[in-house]
Structure formats: C-alpha cells, structure tokens
Amino acid sequence: MRPVALRPAAIGGVVSALLLTLPAGPASAAGSIRWTPCGDGFQCGTVPVPLSYDHPRGTTITIALTRLPATDPRHRIGSLVINPGGPGLSGIDFARAYLRDLPAELRARFDIVNFDSRGLSGSTALRCYDTAAERFAALAARLRGHPEPGLSYTDFIGTALGAMWTAENWPAFATLLAGVEKGRWSRAAQENYQNLYEGEPGVACSDQVNPRSFRTWQNAADRAERQYGYFGRIYAWVWSQCRSWPASARQDGYRGPWTARTRAPVLIVGNYFDPATPYAGAVGAARLLPNSRLLSYAGWGHVAFHLRHNDCVDRHVIDYLRTGRPPAPGTVCRPDAPFPVPPAGTASR
C-alpha cells in the first residue's frame, strides 16, 4: 500500500466518519492495491493483513476495499478514506448507498475510498459457526430448550418448512431469523454465510472492557437511566452480548492516550441533539486533542455533515478538506426548521 500521511481529519462527519487522505505517489515495497471495475463506476480491490499483528508474518486475512475515482483527476488532491462506523457496518455497502451523492467539489478532487473492517462482509468474515446449517441448528436447539414468547420450537420448524414452498416467503423468514438472533442479516458474503450477527459484536466487544458480572451490567443500566433518562437503559443493554465475548478478543485494544498532537489540524463535528453520539463526546475529544477544532451543529439527528443537508456545516467541512484550514473557534451552524413554517397570521393552539 502507499505510505499514509495524515491530512486534515473530520470526526463526526458522515456517520461519525474519520476522514483521511492518502497522498499520491509511487507504491511502496509492501505492494499496491490492484483495482478492478466492479460496477456503477466503482473499483474494488483487496489487501492482505496479518490475522494477528503479534505474528506479522503468520496467517493473513484480506480487507475488501472500494474506490470511486475523482471526477477531475488533473486536480486530484488525494484519497478520502471514510469509515462509516456502526460499529460493524459494511463500508462498501455504505459507499454504494451514499457516497455518490457527496458534494461535487469533493467528488472532483478526491478518490473516495471505503472498506469493510476486518471480520465483516466482503473482508475475511468472522464466523462463529462453520456453516449456515450449523447456525440454523443452534437457533433450533435454543428454541427447543428455551422457547421465545410466542415462538416455540414447533412454530420455528413449521415456519421454516413453509418458507421452503416458495422463494417469496424467504424475506419474511429471514426477518424471523434475525429477530430470534437479536440481530439482523445483511447481504450474502463468503459461501452465502451472512455474518453481521457475529461481525458487529466482533468489532464492538473488541474495543471495550466487558464485565462478566450480570449485576455490573444491571447497575450500569440503572445509572444510565438516572443520568440520561428514557434512552440510557437501551444503550447500556444494547451491547450486553459482550458479557460472554472472549476476553482475548480485546487484548490488543487501544486504551489511549488520546492526546497526540497531529501535524494537521483535526476537525471534530458535533450535533447538539445527536441521539447516538452525544455532543459531550465531541466536546471531550476536542479538549483532548491539542491540535483540533470543534464545529458545532445546533441541530438534531445523527451526525451533521452531508446527511443533514445543512449548508453551513457542509461548507465548513468541504473548505477544511480542500484547504486544510478549520473554521474559526466557536463556530456554530444553525439548523433549518424541521417542520414547515406556518403562514403568517396562523393562530397556534
């Protein structure tokens, strides 16, 4: 791969995306990515990486990437690498769904690059079962011993048999399977084995400390509800599956420090009323990073850049990526009205 040089980064942009650029230049001795057309103007490739960086010359896995080339290659700045977050979302699926609509100024000057994180989708997939048949057997065994409310083992097998009569039944049956597993299934990947159920906790559980005590999780949920209200308990329990995740999975997780001074300024974008990544986190990150700047969006919804269609936020982020200069300290972008403005003279109730 080409050597990576840090260019202005934006945190909290496209679904909490971390935006970096890779400078143009000759490939290093480590090799380069072989890009091939893969439809709709995208190019696809893979890069081998160690399964464990403790053994860099040992077993390797592959990371799948996709690229949307700059529309103005003569004035190309570099590559804009986007991580869609999730955790555990397919970056390639995200790119195909959303990145064609990035502002024309960015599409002209940057190759847009995305990837599937290790263990996910098009990359070498994390698998908790050898085959889809084993996965089905595990669900059936669970329901035989511990039926879900309104769904017994007999119901499950009968529904599976009914789904085999016609392919039109398969989407509804897939929804049932996803509900039983407390996850969701995505596009087929590698031998039609869909691994989002394993992939999401594989990412999330490897990046955090996971207490083994159920009481610890319960106490955390109680505290979260007292502190954040209605939704605190949901976010506390959403990753409770990490309680039983192998402890060795997080042995190489990065625990800080988070105070390194970057050569280029880091732009952090935070929403006042973001329901998934609270504004306090953006403020905290800006305080930790010595060469950073916080751009605030006094609006609602998850993330600010591009998806909220706010001209103020979009302009500041685009200018930053093109020039490397962040907005002035204390910049706050105001949202558009979320509801139609009533005609003048309309009485309110």
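User: How many of the contacts between residues at least 6 apart in sequence join residues at least 24 apart?

Analyst: In this predicted model, the share is 68%, counted among contacts in the chain between residues at least 6 apart in sequence. The chain has 10 helices and 10 strands. Of its 349 residues, 36% are buried.

User: Which residues does Arg 100 contact, leaving aside its neighbours within four places in sequence?

Analyst: They are Asp 40, Gly 41, Phe 42, Leu 68, Ala 95 and Arg 107. Arg 100 and Gly 41 are 59 residues apart along the chain, and their C-alpha atoms are separated by 9.5 Å. Arg 100 sits in the loop between helix H1 (91-98) and helix H2 (104-109).

User: Is Arg 100 buried, exposed or partly exposed?

Analyst: The relative accessible area of Arg 100 is 40%. Buried means under 20% and exposed over 50%, so Arg 100 counts as partly exposed.

User: How do I read the packing of two helices?

Analyst: Two packed helices are described by the angle between their axes and the distance between the axes. Here, helix H3 (residues 132-145) packs with helix H4 (residues 153-163) at an angle of about 145 degrees, and their axes are 8 Å apart.

User: Which residues of H3 and H4 meet?

Analyst: From H3 come Phe 136, Leu 139, Ala 140, Leu 143 and Arg 144; from H4 come Tyr 153, Phe 156, Ile 157 and Ala 160. Sorted by class, this contact of H3 with H4 has 8 nonpolar residues, no polar ones and 1 charged residue.

User: How do I tell whether a helix has a buried side?

Analyst: An α-helix has 3.6 residues a turn, so residues three or four places apart point the same way. In H4, the buried residues are Phe 156, Ala 160 and Ala 163. Seen down the axis of H4, these fall within an arc of 65 degrees, so they line one face of the helix. The buried residues of H4 pack against H3 and helix H5 (170-181).

User: Which exposed residues does H4 carry on the face turned away from its buried side?

Analyst: That face of H4 carries Thr 154 and Leu 161.

User: Which residues are buried in H10?

Analyst: Val 313, Asp 314, Val 317, Ile 318, Tyr 320 and Leu 321 are buried in H10. They cover an arc of only 160 degrees around the axis, so they are on the same side of H10.

User: What span does H10 have from its first C-alpha to its last?

Analyst: A helix can be checked against an expected length. H10 (residues 311-323) has 13 residues and reaches 18 Å, close to the 18 Å expected at 1.5 Å a residue.

User: What is found at the two ends of H10?

Analyst: At the start of H10, a side-chain oxygen of Asn 310 comes to within 3.2 Å of the backbone nitrogen of Cys 312. After H10 comes Gly 324, with a positive phi near 85 degrees.

User: What does the side chain of His 306 reach?

Analyst: The side chain of His 306 reaches the backbone oxygen of Asp 101 at 3.5 Å. His 306 is in the loop between strand E9 (292-300) and H10. His 306 is buried, with a relative accessible area of 8%.

User: Which polar contacts does the side chain of Asn 210 make?

Analyst: A polar atom of the Asn 210 side chain lies 3.0 Å from the backbone oxygen of Cys 205. The side chains of Asn 210 and Gln 208 are joined by a polar contact of 3.1 Å. Asn 210 is in the loop between helix H6 (196-204) and helix H7 (214-228), and is buried, with a relative accessible area of 6%.

User: Where is Pro 257, and what kind of peptide bond joins Gly 256 and Pro 257?

Analyst: Pro 257 is in the loop between helix H8 (232-237) and strand E8 (266-273). The peptide bond from Gly 256 to Pro 257 is cis, with omega about 5 degrees.

Key:
Residues are numbered from 1 along each chain as its sequence is written. This is a predicted model: local features need pLDDT of at least 70, side-chain atom pairs count only at pLDDT 80 or more; totals for chains, interfaces and linings use all residues. Side-chain values use heavy atoms; hydrogens and water are left out. Helices (H or I, at least four residues) and strands (E, at least two) are DSSP runs, numbered from the N terminus. The expected span of a helix is 1.5 Å times one less than its number of residues. Buried means under 20% relative accessible area, exposed over 50%, partly exposed in between (1.4 Å probe, protein chains only). The arc is that of the directions from the helix axis to the C-beta atoms. A polar contact is a pair of N or O atoms within 3.5 Å; within protein, one must be able to donate a hydrogen and the other to accept it, and residues adjacent in sequence count only if both atoms are side-chain atoms. Axes are lines fitted to C-alpha atoms, for helices over the stretch in contact, and angles run from 0 to 180 degrees between N-to-C directions. Contact means heavy atoms within 4.5 Å. Ala, Val, Leu, Ile, Met, Phe, Trp, Tyr, Cys and Pro count as nonpolar, Asp, Glu, Lys and Arg as charged, and the others, Gly among them, as polar.
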